[in-house]
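Subject: Structure for you to look at

Hello,

Here is the structure I said I would pass on. Please open it beside this email and follow the notes as you read.

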Amino acid sequence: MKRYELIVIGAGPAGLSAAIEAASWGMKVIVFDENVRPGGQLFKQIHKFFGSKKHKAKIRGFRIGDTLLKEAEQAGVTVQLKATVMGVFNNKEITVMMNDQIEHFKGDNILIATGASENMITFPGWTLPGVIGAGAAQTLMNLHGVKPGSKILMVGSGNVGLVVSFQLLQAGCEVVAIIDASSRIGGYGVHAAKVARTGVPYYLSHTIIQAEGEDCVTGAVIGEVDDHWQIIEGTQKKLDVDTICLAVGLSPMSQLARMAGCEMIDEAVKGGLVPLCSEYGETSIPGLFCAGDVAGIEEASSAMIQGRIAGSVAARRAGYILDQEFAQKNADFQESLAQLREGMFGAEKKGKNLSHTDEGIPLSLTLLQEGYINEAEIQRFPGFSETISSETKTKGVYPVIECTQNIPCNPCQDACQQGCISIGDRITSLPIVTDKEKCSGCGMCVSSCPGQAIFLIEENYEEDYVAISLPYEFLPLPQPGEQGLALDRSGQAVGSAEIVKVRQGKAMDETAIVTMKVRAKYAASARFYQQLEGCLSGGSTEALAMKGGELE
Amino acid sequence: MSKVVERSQDLGPCIPQNDDDLIICRCEEITKGEIRQAVHDGMYNLTEVKRYLRTGMGLCQGQTCSRLVRSIVAKELGISPAELELTSARSPARPIEMQTYSNEVW
Amino acid sequence: MKNHAEVIIIGGGVIGCAAAYYLAKKGVKSIVLERNEIGYGGSSRNGGGVRQSARDPRELPLAMHGAQYLWPQLSEELGVDVEYCQKGNLRLAKTEAHLKTLEKLVESSHSNGLDVKMISGDEARQICPYMSHEVIGASWCPTDGHANPMLTTLAFYKKARELGVRFITGENVSEIRKIKGRARQVVTDETIYEGDSILLATGYESRPIANTVGIDIPMQRILLEALVTEAQPKMFDQMLGTAAADFYGHQSKHGSFVFGGSTGLEPYISEQPYPVTTSFTASSTCRGIIKYFPVLKDAKIVRTWAGWIDDCADHVPVIDQIEEVPGLVLACGFSGHGFGISPTVGLLLSELVTNTALTLDIFALRYNRFKARA
């Protein structure tokens, strides 16, 4: 029987990282994946990752996927695609369906890195075509170039729901609403805010009651729920949608681990039934490892580190790494992993209704409940308070950082060559603009912020006008001289805007910096630009018309 | 080892609910009402419900419905879903044609 | 006393559930103790054959009684469709040697009063047109059939429960205790149950439990595997087997095919804490099936499973009152073909426990029949 020193099941971020690590120590490694392309979810993830430089922060997921594939090739890893592992048996034997046959392999070590599957919720009409997983929508758009629908209802406001909503907008869909049965938005505030500012409304404490339609979705009915998750009579609302995306959580795909006889544990915080693992990801069966979502739902950055850990432990088991060397390496990995698990969305604090940031600042409630920070609340955060002041006009350009939650992310600190942005050693601290005078207006912070939460303000751009530079990831890009609308954080039009500059560059990696000129009084409120033709989210033009006369 | 369960509990009558006709297991087209009735018929765990109704026995082998079935059964029994063990996972992980299955390479 | 009943039944498999049902029908209340879930063991892990053909003469009467009197009305009686289908059994031969094996079996069954005969390959194909031309002959028993073992077990359970039988799952029995000369107490990890009689029917696990009152039945645990396809268009009703024993099975009411098979390595599978499939059996079974039914080559297998049989030294069960341990009734060692006779066995056990006249003579299945070579 063909035998490898490490068999990896699943060529996603965890599996590839483990394979690269193990192979780099000299191990004979093979990776099986049932898909036609490797990379797992990475190639669907077109957004920039959070974290620090060593976590590959501010790099888009699919680019990380490319890098991993290259590294795997260089390390001599065999990646066998269209190869479905059918079973894990005694003595670490697996059967693989490939080339229209069943092939048997044995591994001295096996890593199960099969990821997760999407959860579903049921409601009348949930089996209609047009009700799909948010991950499925992502696959359609980003792998197959297919728009999942035109008018979308997103159910679930976790990071998956928020990130996919943004991608749907980028693909040219209308996101009619994002709803969540919880009373708080589940994902990162910065993800919520970048969607909210395009005009997408959030309905918290709302659930889907019904998908309407005979042969496919033609509408949705939502309603508000009380503390016991019961619909409050009279709150039902009909939405005109053709697609309903469910982003209601992921479940570890732990079937192979169960099949192998691993001791399992059902943990809500990990997303369900997962194998009981050591800190190295080793299951109750010696030499059988799990890493990534299959061991507990997290995200790709931590999956990659878990993979590295499993790969290096396998290398130690196989005698390629000495204990001391391993200890050093493992300590680095564990520290890196611990960093990603810090913050208000980390395992320890997840699901807890926090009221303050680590710095003691009350959290923005509008951000948690409506997806954007209102103007009153933004004032109290360090990225903001030290810059804009109504009394004195600042000369030149300076950054405004609307990052108000403790999340493990610090590319802005590295991006600023002038040293005017500081986060400090603790990766989850809120960024502070330490010395706004130094700002050169280069915009690197704007394009490097994975949360698209940094803006540049030039208060004395022209008499009575300011220039606001913002990250922009929609096509077509606006052109200098173009007239459009300035939207506030909630997506409401506040006034007209004129594009004065559009910057693009390799280092910005597709995040254009659009500079718009708006009335000075909107310096603290205008945060998005909407083109008048082919508007993103609808409604804003009317909203502006209702305000009357601001269109100049 | 699984915990001791008395099978003659008084769960009360199985009162019809207006979403009883909701399909839960899509592969085998099993409804919520059927699952609830199965619990009242004495099927107190996911394995028995599966054997009784075929929930999770179709092409996807419970990939989609196992959590859904679990929450319905748990609710009917008045316990937490986590108290109910999922049905066992078995090879093959994906459906496979007999022809392919029979063609082994060692 | 809370944990007292006239009968304590150890084992919530098809035998225990059937016995509980037939006892309840007689007005005898029992408590059924099960370590896992109802039907955990072989009861839910078998091919569903309800056949009389190729039975050992000692248990053939049980199979014939069931096929004639019990199975046909079982669904109606229990209020659950157990998917009993009495459309015959074909046992297939591909070689002359196979034919010889079958002829011997047919002769024996026939002499015991069963309607079974040898037919040609073409006759077999008239009954079941999907068979390959490799089949050169078969034995044919028109009154054999198949049923859904999972549903049958749960149907006995459901009906018995409705009749007032107490079922308790998650109870691991460690010991049977004699009190004043009779088996009365059943000790579990959690508590002690007491009954006027004790019925032990836990497959191979009956052995260590019976050992606690000094009774040992010579049997071994053998791992068998089965597989099931996705639903297929309705093709045939017959239960199938082969002289080569490479596979057996049928198409279920649902449309899926349920097949079992053996590789020859079964007795040598290494010890494992619970039954799991091997890496090679399903493939081997598929090869067996395709030779007889090439039409099924594209049918998809959705699942495989494994279970242990309690293979008795002489391959027929022990169904008996234990003379030396008054109050104890034993039913085990069904050797992989207990499902088909389970209603009859349940009925007989209810008679044994209540000391009423037996419907059939089961002297040949007594517990102390095993003798060493003279």
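The notes below go through what was found, part by part. Please keep in mind that this is a predicted model.

Two helices in chain A

Start with helix α1 (residues 13-24) and helix α7 (residues 300-317) of chain A. Their axes come within 7 Å and cross at roughly 35°. The crossing of α1(A) and α7(A) is right-handed. On the α1(A) side, the residues that make the contact include A:Leu16, A:Ala19 and A:Ile20. On the α7(A) side, A:Ala303, A:Met304, A:Gly307 and A:Gly311 are among them. Sorted by class, the contact of α1(A) with α7(A) has 13 nonpolar, six polar and two charged residues.

A three-stranded sheet in chain A

Chain A also has an open sheet of three strands, in the order β12-β13-β14, with antiparallel pairing. Which strands stand at the edges? They are β12 (206-212) and β14 (237-239) of chain A, and each has a single partner strand, so one side of each is left without a neighbour in the sheet. From one strand to the next, the twist averages 30°. Strand β13 (residues 219-224) of chain A is joined to β14(A) by three bridges, and the two run antiparallel. To find one of these pairs, look for A:Ile222, whose bridge partner in β14(A) is A:Lys237.

A:Met86

A:Met86 lies in strand β4 of chain A. Is A:Met86 buried or exposed? It has 28 C-beta neighbours inside 10 Å, and a residue is buried if 20 or more are found there, so A:Met86 counts as buried. Leaving out residues up to four places away in sequence, A:Met86 touches A:Thr95, A:Val96, A:Met97 and A:Ile102 in chain A. From chain B, A:Met86 touches B:Ser91, B:Pro92, B:Ala93, B:Arg94 and B:Ile96. The C-alpha atom of A:Met86 is separated by 58 Å from that of A:Lys436, which is 350 residues away along the chain.

Chain A with chain C

Eight residues of chain A are in contact with five residues of chain C. On the side of chain A that touches chain C, at least two residues each come from β4 (84-89), β5 (93-98) and β6 (101-112) of chain A. By class, that side of chain A has two nonpolar, five polar and one charged residues.

Chain B

Chain B has four helices and five strands. Read from the N terminus on, its elements run β-β-β-α-α-α-β-α-β. The C-alpha atoms of chain B fill a box of roughly 55 × 35 × 20 Å along the principal axes. Of the 106 residues in chain B, 50% are buried. Among contacts in chain B between residues at least 6 apart in sequence, 52% join residues at least 24 apart.

Chain B with chain C

How many residues of chain C are in contact with chain B? There are 38, and they are in contact with 29 residues of chain B. On the chain C side, α6 (149-162), β8 (166-169), α8 (281-292) and β16 (300-312) each supply at least two residues. The classes on that side of chain C are 16 nonpolar, 10 polar and 12 charged residues. Strands also pair across the two chains: strand β4 (residues 96-97) of chain B and β16(C) pair in the antiparallel sense over two bridges. In this pairing, B:Glu97 stands opposite C:Lys300 of β16(C).

Regards

Terms used:
Residues numbered from 1 in each chain as written. Chains lettered and ligands numbered in written order. Predicted model: local features only at pLDDT ≥ 70, side-chain atom pairs only at ≥ 80, totals over all residues. Axes fitted to C-alpha atoms, helices over the stretch in contact; angles between N-to-C directions. Left-handed = near helix turned anticlockwise from the far one by under 90°. Contact = placed C-beta atoms within 7 Å. Nonpolar A, V, L, I, M, F, W, Y, C, P; charged D, E, K, R; others polar. Pairing = 2+ DSSP bridges. Buried ≥ 20, exposed ≤ 12 C-beta atoms within 10 Å, placed from the backbone.
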